[in-house]
Amino acid sequence: MTKQRAVSLQIPVIPEQLSALTELLQGGGNPWDKNGFFPFDLFTEVHFGRWIIAPAGTLQNGKHIPASIVYAANVDGAEKAHVERLATLAPDAIDKIGSHCVGYPAEGNRNLATRIKFLMSCKIGTPGFYVGAPERTVQQIKGEAELHTAIREFTIKNKGKWKTSREAYDAVREFVVNDPKWEWAHAKFKLPKVNWPMMILFGLIVLPLLPFIIIMVLVIHFGDEKHSKPLGINVNQVPLKHLEKMRIQEDIIYQNQISQVFEVKRGMRKVSLHFFLWATSWLARNVYVRGELMGTPTIHFARWLIIDNGTRYVFFSNFDQSFDMYLGDFVDNSGWGLNLVYGPSVGYPTTKWLVKGGAYKIGEFLGWGRTMQVQSQIWYCAYPWDGLQQIVDRTKLRTELFNSGKLNDYEIKKALSRI
Amino acid sequence: MAVVSNPRSIELYDIQGLVTRGYGKLLARLYLMIEFTDAAKARGWLKEFIPHVDDADHTTTDKLTAHISFTCKGLSGLGLSDENVNNFPIPMRESMNTPNRNRLLGDYGDNDPKEWLWGGNQSNLHACVILHALDKPSLDKYAAEIKKMMTDSGAVNIIREMPGFARADGKEPFGFHDGISQPTIKGSGRPGPENDIVATGEFLLGYKNQYELYPFSPLITDPQGDLNWLPADANDSGHKDLGRNGSFMVFRQIEQYVDKFHTFMEEKTKNPDGTVNQEAADKLAAKCVGRWKSGASLVNYPDKDPGGLPDNDDFGYADHDRFGHRCPYGSHMRRNNPRDSFRWYDKEQSLKVSKRHRIMRRGSSYEDLDTEGKMTETGLHFVCFNADFEMQFEFIQHAWANNRQLRHLTNDIDVIIGVPPQENDGQKSQFTIQGEPANEFVNDIEQFVRIRGGEYFFMPGLAALKYLTTL
């Protein structure tokens, strides 16, 4: 079973080169602009990828943070292998970007080894990571989509031929079995399930931490939140110029993307960020493995990275449908979860007891979210027209045809409903 | 689920009637798009016009009604300062026609705003006056009076007249009973099915919405005019609230290709010998719409139209049609108001989510006739009210009607109002009819409607209207 892994790099930018780099990345490509210079299509292991500029900023304490590039990819296989493939398959594109970056090998000294060494030196951890359709390779997702289309066409051709669901099911199964093209689909694939032993372990780890968590909640509620200054603007008050830069990239294909950069609050809030990202990742690996994150079924992936020596963090995600639907949906289902993970960011709407308030002030929450958003200059998805639930459904149909033993009538009806 | 009482608790006397009242018996309608050419004189005209505006107190029965709503350009045209106009929500300020909004709403291809007859950020579209009357003769008489007031003012030009009508049997041009499933505004005094009573603030500004918050409302931050007409902002900002008792209005002129619609249904359901199977064609049309032509629900009557008057609207999908075998997931009705079966959530959560995306529809049919009286175009003057364009009207059109992958669907848009994606290489949509032993598919769905014009408006409360005359 192949895990989808997160590769994350942060690369410092030469300040004088920032505008040239920004201009370069604007032409880097996205799912509807295939002529970009960065050849994500060559990387068959990449589900999602992006290059963004984390803009320079001044922290609340007055400290200046220079701009940098953040690269993020969800890949099949090992992180190092992907970094090596970056340098192997796209040396020109890497040079184009790298030549604007601090510490990139000088022109005469660029070869496979130096490029890999540089990229590896920029690798950062991924403290928060969720995958909507885990444990499937790019190849599997694409293959299951083709299989689903073929089954549907077969069903259309045979309209009215079958009297019972079982008859229909047997015919569909036979159709797939008889075509050697789908031989791979017979292979055992175990749908990810809730990992109860790991959940018990999670409980055992968290239980002794309860006194600390209670202290954390009290300190944040009575201390940090009293002094925090929310941005306090409604989504209708976001400057149009900024909004337009974001919207120009949205609602063109089925999937959308979001990139945001936040400053981390200090003190206990910073501690809470690390704790809740760790908990989110743990739960994402062991509980939210069936195509929904805390009740929201449209998130292909979500990733949180801590950058700039812990002073800022970024959020990346690909999701189905619009910005408003995505965040609105999340608030409807689990605004409390948003409050835990985003409460530590400067400007976030004030929370109460960490979980209340915050995102539930939806106009203010969306205003904050839009303001913190940055452009995703280059972004890629291997299956940009596929909704998450459709990906999940196709895998289920395949497993219901081949990996589930003898199905009862209800299970058969359920399987056929996925066609 | 029973019809429950809904005690009156909102300021109906200050709300324009069309927000809460359908005026179903006033069959003749007229929409006048107007421009203001002189702010002071236009305010003088507005002062004269206000007594004609009907309020929302449904204990009165009017035979002639007038209502008015404004674009941001119109508010500027009356003299509202730039700062105050900029306090309106972004969709109002930007108009219905922006590149991003075109993508969201599907306003490209046949719906391209470049081809619209009106609206879409039209520079001289300042306000929309809506008249209702019992019949055409009384409407004509009333309209003449209203138009004379406009002419006499010397500052109000009519830039477009759009007649509309409602049929006594409640049917729209495709032949389906329309306007059945409407939310009931909490506090309006009208009883309604429990699940259809929606927080006041989903439709009216100045009241709490389904999130228990006051919706974003235009405030007066640059003091001008007689502020005594306006209440204080409910959010305690210290500013006066121009929005209270007002609502945001969406207007889209939707041409309906009636012949094409019925021919398509007939073609897809022909008998093996090539003859038309009218019963099957009607059933397919009903599956696409999500109701029978009589208005009866497919959930309650899955096999045949019972005819007669529309059945009680009081039904859910979760208990009786979880798998869409009666009313398909992708039908117009089910996708745009999923009631208690939004995704796979429990009923309570589904209703909670659904209620955050409701609109109050107030449209009329229209017919354009040529000089010989022959119909050249028919359709719907779609009018709806909401407090948040993005979370309500735009959400429904984008996330539900145009969503190809709602629930288990893979390439299905709303057959009636959906628009396939622009970047999809011209791939046509399908319509999936869930059933046993296997789902059935209707391929190559055509577009049966075309947008001919549209704009976003603000329909102020009556006190706010009076305030606008004092600028």
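This is a predicted model: local features need pLDDT of at least 70, side-chain atom pairs count only at pLDDT 80 or more; totals for chains, interfaces and linings use all residues.
**Stop 1: a four-stranded sheet in chain A**

Begin by selecting strands E1, E2, E5 and E13 of chain A. They make an open sheet of 4 strands in the order E1-E5-E2-E13, and the pairing is antiparallel. E1 and E13 of chain A are the edge strands, each pairing on one side only. From one strand to the next, the twist averages 10 degrees.

Now select strand E5 of chain A, residues 68-76. How many of its residues are buried? The count is 9 of 9, so the strand is largely enclosed by the rest of the structure. Show the side chains and look at the two directions they take. A:Ser68, A:Val70, A:Ala72, A:Asn74 and A:Asp76 point one way, while A:Ile69, A:Tyr71, A:Ala73 and A:Val75 point the other way, and all are buried.

Strand E1 of chain A, residues 4-12, pairs with E5(A) in the antiparallel sense over 9 bridges. To see one of these pairs, select A:Gln4, whose bridge partner in E5(A) is A:Asp76. E2(A) also pairs with E5(A) in the antiparallel sense, over 8 bridges. Here, A:Gly49 stands opposite A:Ala73 in E5(A).

Move on to strand E13 of chain A, residues 378-381. Strand E2 of chain A, residues 46-54, is joined to E13(A) by 4 bridges in the antiparallel sense. A:Arg50 has A:Trp379 as its bridge partner in E13(A). Which residues of E13(A) lie on each of the two faces? A:Ile378 and A:Tyr380 are on one side, A:Trp379 and A:Cys381 are on the other, and all of them are buried, with both faces of the strand covered.

Helix H1 lies across E2, E5 and E13 of chain A and runs at about 150 degrees to E2(A).

**Stop 2: a five-stranded sheet in chain A**

Select strands E6, E7, E8, E9 and E12 of chain A. These 5 strands form an open sheet with antiparallel pairing, in the order E6-E8-E9-E7-E12. The edge strands are E6 (128-131) and E12 (373-374) of chain A, and each of them pairs on one side only.

Then keep E7 and E9 of chain A in view. Strand E7 covers residues 255-263 and strand E9 covers residues 312-320; they run antiparallel and are joined by 9 bridges. As an example, pick A:Val261, whose bridge partner in E9(A) is A:Val314.

**Stop 3: a nonpolar patch on the surface**

Switch to a surface view and select A:Met198, A:Ile200, A:Leu201, A:Leu204, A:Ile205, A:Leu209, A:Phe212 and A:Val271. These residues form a nonpolar patch on the surface, with about 620 Å² of accessible area together. Which helix gives the most to the patch? Helix H7 of chain A, residues 196-227, does, with 7 residues.

Is A:Ile200 buried or exposed? The relative accessibility of A:Ile200 is 54%, so A:Ile200 counts as exposed, the cut-off being over 50%.

**Stop 4**

Select A:Leu354, found in the chain A loop between strand E10 (351-352) and strand E11 (356-357). A:Leu354 has a positive phi of about 70 degrees although it is not a glycine. This residue counts as buried because its relative accessibility is 2%, where the cut-off for buried is under 20%.

With a relative accessibility of 2%, B:Ser95 counts as buried.

Last, select B:Pro437, in the loop between strand E16 (429-433) and strand E17 (440-445) of chain B. What kind of peptide bond joins B:Glu436 and B:Pro437? The bond is cis, with omega about 5 degrees.

Terms used
Residues are numbered from 1 along each chain as its sequence is written. Chains are lettered from A and ligands numbered from 1 in the order in which they are written. Side-chain values use heavy atoms; hydrogens and water are left out. Patches are made of residues with over 30% relative accessible area and no salt bridge: like charges are joined within 9 Å, nonpolar side chains (Val, Leu, Ile, Met, Phe, Trp, Tyr) within 5 Å. Accessible areas come from the Shrake-Rupley method with a 1.4 Å probe; for residues, only the protein chains shown count as cover. A salt bridge is a side-chain nitrogen of Lys or Arg within 4 Å of a carboxyl oxygen of Asp or Glu. Buried means under 20% relative accessible area, exposed over 50%, partly exposed in between (1.4 Å probe, protein chains only). Two strands pair if DSSP finds at least two bridges between them. Axes are lines fitted to C-alpha atoms, for helices over the stretch in contact, and angles run from 0 to 180 degrees between N-to-C directions. Contact means heavy atoms within 4.5 Å.
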